[in-house]
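Visitor: I have a structure open and have not looked at it before. Can you walk me through it?

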Amino acid sequence: MHARSVKVWCKRSICLLLIAVLLPITTAYADEMKNVAATSDTTAADSTVLSSAQSDQVQIQETITNGFTHPGVNVTAEQLQTMRSMVQQKKEPWYSYYQAMLVSKSASKTVTSSNQDSSDPSKPASVAFNSQGFNSRYIADGLKAYTQAILYYTTGEAVYRANAMHIIRIWSQMDPNQYVYFTDAHIHTGIPSNRMIAAAEILRYTSSPTEELVWTDNDTEQFTNNLIVPVTETFMHTNNRFMNQHTYPLIGAMSGYIFTNNRERYNEAVEWFTVNKTAVNQGFNGSIQQLFRLVDHNSATGEAINPPVVQHVEMGRDQAHGGGDLTNATIIARMMLSQSTKVDPVNGTVSTASNAVGPYEFLNDRILAAADFFWKYMLGYDSDWIPVVYSSEPDGKAKGIYYRFSDSYRGRMNTANFWGLYYYYTYVKGVDLKEKAHYYAEAFQKRIPPNFYHKGALNINWDNPDGGGDFWLSLPQEAVQEGSTNLPNSQTDAAIVELEDRYIVLDARSATEHEGATSFVRVQAVREGSRLAFQNLSYADRSGSRLIGLRFRSDKPATISLSKEKNSTPYHTLHLPNTEGQWRYITYDMGIDHVSYGQLDNDYNLLYLTVVGDDAAVDLDHLNVRAGEQLSPPIFRSDSGSDTKVIPAFTGAPVTLDLAADDSLASDTVQYTADQLPIGAVLDHQTGKLVWTPDTAGTYSFLVTASDGVTVSTQPIRIAVEYSREEAIGVAAATYDPHTLYTTSSVRVFTDVYDATVRSLNSDSDVQFFDRLIRLKQQADQLELLTPTLADGSMDYSAAVTTSTFGTSISMLIDDNNNTYPVYTLARYPNLYHILDFGPDYNISATRFGLQSRMNFVDRMAGSVIYGSNDRSSWTRLTPNESKFTDEMDMLDVSADQQNQRYRYIKIEMIHPQPDVLSGNTNNLLELGEFRIYGIRHEVSHVQLQQ
């Protein structure tokens, strides 16, 4: 082992020592590299044989230089020794995480550098670090080097050290004069730098099986001067970035400061992490103090909050970034703990005073408090948000305010990787987190496994480009006492999401049950509804089927309402039959109009269920997210979806219903059953034909089930029986309102059928008249409102327009959630406008319009006006005023002389783009979250026929 002091990277100057070349690679290794150059480096290690004798030959030497402990980036010598010992003994929880890591392509023995020259593998393919495309090589190689270094120390196999040394020596040949900042370089270089430097720390302070693989002073100088220094100075040395854009570069920079023993820069980085008092914009300062803020007033109203509460500010942006904030905080805290760094409890500066505290204890355990706040919302519990400033002027004046939680990515766990926090408080501090941070503790117990399926694809947490998947390397030895108790259950099937692993109880009527090898959630369904929620749901790829299968059983009929928010309108209702103790699937379509823009991933990670029944025991096992491929649900030929089919009838007349269903799998046989059939009604179990002659007026409700033995489809039926034919006509035509305007075509068809039914009142047989009632009910249900409206009285134009530049995203504009939005690329500069076309047969008049920006991006709506046209060539301005720079819905009145004018085309155009609240840049982006039309739709060439 060669343990030497590294030349200190002094103060703020850059000492670039240009050494000619790296130590030559041995002939044997060079030949090996040539042999594997043509081989894909994607072969994962299926298994790695652990030989205690072999791995124990790898010695690790802890060294302290200029007060820095080495190795000390991500993991210390003691932690590495503990990890290796536990893995060799197959002790949990280390061993399972180790095995999960081996699935990574970066664990393959045949990995090569993504930046090696194809003709000479000892040289870089490029020495210029200047683009996002090139950075992808750095990201890949950072993970490979780190993984290979860990595997070398754990197994003692020389091939892993050779691979890691090769990758690092490739990157040590970069040209420091060819580093150029590119878009988001500060975000995407921090984690790969941390991994690459952590790998170098392990290699530098461990013994080598051969002389050519020994870490040398030359390696230190090349690695420092050609990679660490320029990558830090060009991309990462900054303290004025937005929220976690501050901590990502800080992770990489701090890693380099530890490696180079740069005390001044390290101390600066610590303060930037804790307080960052010199940040120009304290509103989006990414420090512990500002990001995990103690909120003492409402920034929108000025109202004092007493007592103040800890609030994770970036949760007003979205929860993917919110989870990243906490992951970043734990990575930096882990490095500080490796260096035994403590800070002043108020100022956050490095301190050795008696009152100094560690990174987790800083500001009264602020990181833990933010983690608990985060998980309360993410798990689905009711959570309070206080409007808080997210961007401010240097004098503290607010530029932008987060008014509410962002629901984007709510419930998604795969962007949250801060589980080392649990082990620190449990074993180092001896704290019961169920008492101190209940929601964080619950999330820890319900976390996803290290390898999991998302959108149908296997995700390996070790490979997470945002880091954090290596937390298990630094677990304290005391964690052996928990063994496998806290390990998350594996997800072994891409199609199956086990609900018992993903739910929270919102009342006291749900619990996990076990029967043999099957675990499931039992819900005691009551009439007022039993509530629960499921988080981190994973659906099939967006290009695939949206059909979802729920495996259930129930001892009585029940309904399940599915919704995205706890108290929001359900987007689907499932009617469950009594399955007589048998497990069955019932399917539903996600029914999302805007999946092409990624909202499926954003919006449906969290699922609220309300289960209603008459004291029914409803068991929920799992979701099959590939139901479109794997299940063949029977489809009723006259399907009305989840809606109840209402049948008009009258006493003494036979009711005959064809409730047959088709199954796409020819070999399946469909059987029919019914719950709560009226007395005397008969359902043919083979054909689905129902026959009944009612003798008493009333409303009769029942549920018909079609089953192929695996999957059921259900149809709720309500038969409204009247005493006379005249009364039955009233039931059939009940949805028609003579005071409401309908489209001419739909009201004409309805009127014709209605008149024919009335004329046949006394002439048709009972069978014939019943058929007429069914047709009349169908036409009444198909009446089309001339001006459909939303709850606020504005026009529901989503189905009324024939075409629009919003495409399939138009429904997002009327969903009362400005966090769903048609993406700005639909209206690219210089064409900052959207057009709605109501078709050749219709036009509209309006009195005002409402516009709201995409949540938190106010500049993407401000400065817009509305135009009307009948030829899409000449446009008339309808709104004298422009939309204001506001987060709220902004109402634009139509000028008085235009309020009765009718137009086929409506155009929303941004005529004065505004600067954003973060950087003050004018980005020329139009991105609406909500849009309202207060007006009337008119028919162009028809006279409205009403009765």
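**Charges, folds and pairs**

Guide: The protein carries 74 positive and 107 negative side chains, and the centres of the two sets are 4 Å apart. Lys and Arg count as positive and Asp and Glu as negative, while His and the chain ends are not counted. The place of a charge is NZ of Lys, CZ of Arg, CG of Asp or CD of Glu.

Visitor: What kind of model is this, and how are residues numbered?

Guide: This is a predicted model, in which local features need pLDDT of at least 70 and side-chain atom pairs count only at pLDDT 80 or more, while totals for chains, interfaces and linings use all residues. Residues are numbered from 1 along each chain as its sequence is written, and side-chain values use heavy atoms, with hydrogens and water left out.

Visitor: How many helices and strands does the protein have?

Guide: The protein has 22 helices and 36 strands. These are DSSP runs numbered from the N terminus: helices are H or I with at least four residues, strands are E with at least two.

Visitor: How much of it is buried?

Guide: Of the 947 residues, 58% count as buried. Buried means under 20% relative accessible area, exposed means over 50%, and partly exposed is in between, with a 1.4 Å probe and protein chains only.

Visitor: And which contacts join residues at least 24 apart?

Guide: They make up 77% of the contacts between residues at least 6 apart in sequence. A contact means heavy atoms within 4.5 Å.

Visitor: Back to charges. How many salt bridges are there?

Guide: A search of the whole structure finds 32. A salt bridge is a side-chain nitrogen of Lys or Arg within 4 Å of a carboxyl oxygen of Asp or Glu.

Visitor: Show me one. What does E157 pair with?

Guide: E157 forms a salt bridge with K109, and their closest N and O atoms are 2.9 Å apart. E157 is in the loop between α5 (132–155) and α6 (158–171), and K109 is in the loop between α4 (94–102) and α5, so the pair ties together parts that are 48 residues apart in sequence.

Visitor: Are those two buried or exposed?

Guide: E157 counts as buried at 15% relative accessibility, and K109 counts as partly exposed at 36%.

Visitor: What about E268 and R265?

Guide: Their salt bridge has its closest N and O atoms 3.9 Å apart. Both lie in helix α11 (residues 263–274), 3 residues apart, which puts about one helical turn between them. E268 is buried at 14% relative accessible area, and R265 is buried at 2%.

Visitor: Which residue does K566 meet?

Guide: K566 meets D382 in a salt bridge, at 3.0 Å from N to O. K566 is in the loop between β15 (558–563) and β16 (572–576), and D382 is in the loop between α14 (362–379) and β5 (388–392), so the pair ties together parts that are 184 residues apart in sequence. K566 is partly exposed, with a relative accessible area of 22%.

Visitor: Which residues are linked in a network of salt bridges?

Guide: E515, R522, R553 and D619 are.

Visitor: New topic. Which residues of helix α15 are buried?

Guide: In α15 (residues 420–428), the buried residues are L421, Y422, Y423, Y424, Y425 and Y427. Their cover includes α13 (319–338), α14, α16 (433–436) and α17 (438–445). Just after α15, G430 takes a positive phi of about 70°.

Visitor: Where is D470, and what is it in contact with?

Guide: D470 is in the loop between β8 (457–460) and β9 (496–498). D470 is buried, with a relative accessible area of 6%. Apart from neighbours within four places in sequence, D470 is in contact with N74, Y146, R334 and W462.

Visitor: And Q782, buried or exposed?

Guide: Q782 is exposed, with a relative accessible area of 52%. Q782 is found in the loop between α22 (766–781) and β29 (803–804).
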